[in-house]
Amino acid sequence: MNARDRILSKLKAKMPSTTPALPDVAGWFATHRVVESAADKAKRFRACIELAHAEVHAVTSANWLAKLLEVLRAKQINKLLVAEETAHGDAVLNDFPRHGIDCQTYDLPIEAWKSEMFQQTPASLTVARAAIAETGTLILWPDADEPRLMSLVPPVHVVLLDAGKIYNTFFEAMQAEGWANGLPTNALLISGPSKTADIQQTLAYGAHGPKELVVLMLTEDEQ
Amino acid sequence: MSEHILEFKPSEGFRARSKAVVDNPFLRQSFRGAMDFLMSKRAAQFPDSEELESLRTLGESIRQYNLAKLPTLLEQLEANLMRNGIQVHWAETPDEANAIILGICQQHRAKLMVKGKSMVSEEIELNHAAEAAGIGALESDMGEYIVQLAGEKPSHIIMPAIHKTKEEIARLFADKVEGVDYTDNVDALIQIGRNVLRQKFLEADIGLSGVNFAVAETGTLCLVENEGNGRMCTTAPPVHIAITGIEKIVEKLEHIPPLLSLLTRSATGQNISTYFNMISSPRKPGEKDGPSEVHLVLLDNGRSQAYADEQLRKTLQCIRCGACMNHCPVYTRIGGHAYGTTYPGPIGKIISPHMLGLEATSTMATASSLCGACGEVCPVKIPIPELLMRLREEAFTAPHANPAMVGQGAGYSWLMTSVWKGWAAVYRSPSLYGVATWLGSRFSWLMPSKQGAWTSVRVPLKPAPRRLRDMLKERGE
């Protein structure tokens with residue numbers, strides 16, 4: 001008998017004969033969480049993520065590129081990692097080089113340019129799949145176009161969020177999108193820039209991941 | 001249980017370690033301040049007591065539901081992880097777990113492993129085993145990195161370096177990190193750690209992490225963290241090894257939101273942690289980063305013993321938030337290192353006997369005031385005081401056949417048992433009690449003036465010269 005079989009046989013020998021009823025998670029959320037209007041959700045999301053030290057800018061489809069450029073200039077960043085083959089990535093690629101921003105793409109597996117990614121990539125732009133109002137959380141599902149390290153290694157991470165895709169709660173997001181039927185390689189909830197309070201309970205940002213998180217919240221009417 | 005672990009007996013020297021902390025005003029101040037801070041942060045996250053209670057009830061029911069189905073869920077988890085391309089390994093003992101992890105490292109000719117925060121890896125002493133095998137194991141959580149640099153172990157499961165002041169850390173960095181001058185500016189210290197560890201994330205062959213929750217229905221490993229080092233360890237190196245106790249499993253993805261909310265709010269008083277990382281497979285074709293291999297090591301190490309007993313099984317409900325230690329008057333005074341166990345504080349006292357046996361831990365359950373604070377704050381309602389009473393009984397009653405725990409009766413003493421039996425007999429019988437108090441009042445002068453630890457800070461115990469019943473009799477009542 002191997003370790004697996006020994007562990008399982010010990011557990012099975014003492015498994016309770018009856019299983020309690022499946023906990024009613026949906027019922028709990030239905031009675032304990034407010035359901036807000038789109039505008040209120042956006043407001044609450046913004047308040048929560050700003051409290052976690054993120055920088056939020058309300059933008060529209062007409063002005064988000066200009067706002068992004070303004071943000072980069074204010075931070076004296078002249079190089080941005082973007083995804084090809086995405087609408088937002090291509091928009092940046094078409095526009096930013098003429099403004100003096102060097103646009104880099106993630107077109108090779110990380111092994112080919114790991115040092116460059118870690119040492120010479122000051123900022124990145126990715127898109128959020130959705131967000132959660134209750135906790136001020138961005139939901140990212142990295143993929144072949146926008147791989148996992150894009151939202152982690154560059155010291156400044158800019159996220160484009162469609163304000164129409166904000167859910168009230170994490171539970172609502174996973175239920176509405178049917179996450180239990182299939183998750184990607186790595187699904188992520190991000191609620192601010194990297195931080196730690198490990199030294200004398202003093203909060204410090206930029207522990208290992210991005211030091212700054214910038215959210216461009218896309219709405220049709222600028223708020 | 002492995003020979004390696006049985007050699008370690010935290011009970012030995014527990015009093016001396018506790019006394020050393022109690023006698024150190026700086027450490028006491030440090031723990032007091034940190035615990036007050038964590039308690040107030042948690043309280044601020046739960047302003048609505050009705051909501052808190054209903055969420056705790058939900059959390060308890062989720063943990064109990066999943067534990068009731070544990071073996072079935074482990075099989076389901078294994079099947080779904082394998083379907084997703086994650087390799088699953090099982091270990092009964094710390095030695096087996098180390099052998100599996102180091103075997104994977106050796107297959108890849110690994111020289112450096114970067115580690116995310118994992119108390120289970122502390123439990124198996126992975127760093128020592130890796131070092132013995134010639135593999136560097138570097139902690140990358142800032143607190144863990146600090147305690148590793150200092151040659152220490154974590155003193156708290158959530159905040160490993162909570163016992164250190166920023167000045168101590170500043171001196172440590174100046175002494176141990178090449179090219180670093182003394183600075184006690186916290187931002188600067190964090191940047192020093194960031195710079196050192198970023199280079200290591202880039203170079204490492206293996207990334208190791210713990211697991212906060214494993215989801216059976218989707219074959220997903222979930223990690224809760226703030227720093228991003230967990231994401232680095234699970235994404236940058238070519239191989240990711242995760243290790244978890246067999247109890248950290250839920251059947252449904254929908255079980256995660258309530259548990260995550262209870263965990264982050266109870267642990268550090270955060271609405272949510274900065275990162276919640278859900279890993280369901282290695283790098284897929286076409287993806288440009290992430291490890292090409294992901295492994296999960298499922299560790300028993302005494303958990304199946306706790307599982308076998310209906311009452312002790314509740315120990316496994318724990319989601320490792322650390323709230324019980326933050327609110328424990330004993331932990332607050334003696335700190336985490338005094339316990340000598342991987343898991344300190346109230347949760348440590350109820351889980352460690354299953355990992356190390358009662359021979360090694362029999363006095364731990366006595367280091368409690370039974371004030372009930374740990375049970376009151378536990379987000380999944382583990383009845384910790386009740387379990388401590390049970391462990392006292394297991395440790396100190398006479399050994400018998402078919403014990404529920406390894407080392408049952410390890411603390412048994414014929415003398416102590418006889419004294420308590422005598423005490424119980426006297427207090428049960430009015431006539432015996434009368435005789436005892438009569439003798440006590442007449443011969444109170446025989447009581448010694450030095451009565452061990454009691455008289456170190458108190459006046460000696462001495463029966464009153466006249467009994468209450470005699471005084472009442474005199475008054476005719």
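A salt bridge is taken here as a side-chain nitrogen of Lys or Arg lying within 4 Å of a carboxyl oxygen of Asp or Glu. In this predicted model, A:Arg6 meets that criterion with B:Glu96, since their closest N and O atoms are 3.9 Å apart. A second pair that joins the chains is formed by A:Lys10 and B:Asp300, whose side chains meet with an N to O distance of 3.4 Å. Here A:Lys10 belongs to helix H1 of chain A, whereas B:Asp300 sits in the loop of chain B between strand S10 (293-299) and helix H14 (303-308). Eight salt bridges are counted between chain A and chain B, and a search of the whole structure, over all chains, finds 36.

The contact between the chains can next be described as a whole. It takes 79 residues from chain A and 100 residues from chain B, and the two chains bury about 7600 Å² between them, with 60% of that area on carbon and sulfur atoms. Polar contacts between chain A and chain B are counted for 46 residue pairs, with both residues at pLDDT 80 or more. On the side of chain A that touches chain B, at least two residues each come from several elements, among them helix H2 (25-32), helix H6 (114-119), helix H7 (170-176) and strand S9 (186-190). Helix H1 of chain A gives the most to this side, with eight residues. Sorted by class, the side of chain A that touches chain B holds 43 nonpolar, 20 polar and 16 charged residues.

Strand S9 of chain A also takes part in a sheet that includes strands of both chains. Eight strands form this open sheet, in the order S8(A)-S5(A)-S6(A)-S9(A)-S9(B)-S6(B)-S5(B)-S8(B), and their pairing is mixed. Its edge strands are strand S8 (166-167) of chain A and strand S8 (249-250) of chain B, each of which pairs on one side only. Between the chains, S9(A) runs antiparallel to strand S9 (residues 275-279) of chain B, and five bridges join the two strands; within this pairing, A:Leu188 stands opposite B:Asn277. Within chain A, S9(A) pairs with strand S6 (residues 137-140) in the antiparallel sense over three bridges, and A:Leu138 has A:Ile190 of S9(A) as its bridge partner.

The confidence values belong beside this picture. The model scores ipTM 0.97 and pTM 0.95, while chain B has a mean pLDDT of 95, with 98% of its residues reaching 70 or more. Residues 1-6 of chain B, however, have pLDDT below 50, although this stretch has 17 contacts in the model beyond near neighbours in sequence. Where pLDDT is low, the predicted coordinates should not be read in detail.

Definitions and conventions:
Residues are numbered from 1 along each chain as its sequence is written. Chains are lettered from A and ligands numbered from 1 in the order in which they are written. Side-chain values use heavy atoms; hydrogens and water are left out. pLDDT is the predictor's confidence in each residue, from 0 to 100. Contact means heavy atoms within 4.5 Å. Buried area is the accessible area (1.4 Å probe) that two parts lose on being put together, summed over both. A polar contact is a pair of N or O atoms within 3.5 Å; within protein, one must be able to donate a hydrogen and the other to accept it, and residues adjacent in sequence count only if both atoms are side-chain atoms. Helices (H or I, at least four residues) and strands (E, at least two) are DSSP runs, numbered from the N terminus. Ala, Val, Leu, Ile, Met, Phe, Trp, Tyr, Cys and Pro count as nonpolar, Asp, Glu, Lys and Arg as charged, and the others, Gly among them, as polar. Two strands pair if DSSP finds at least two bridges between them.
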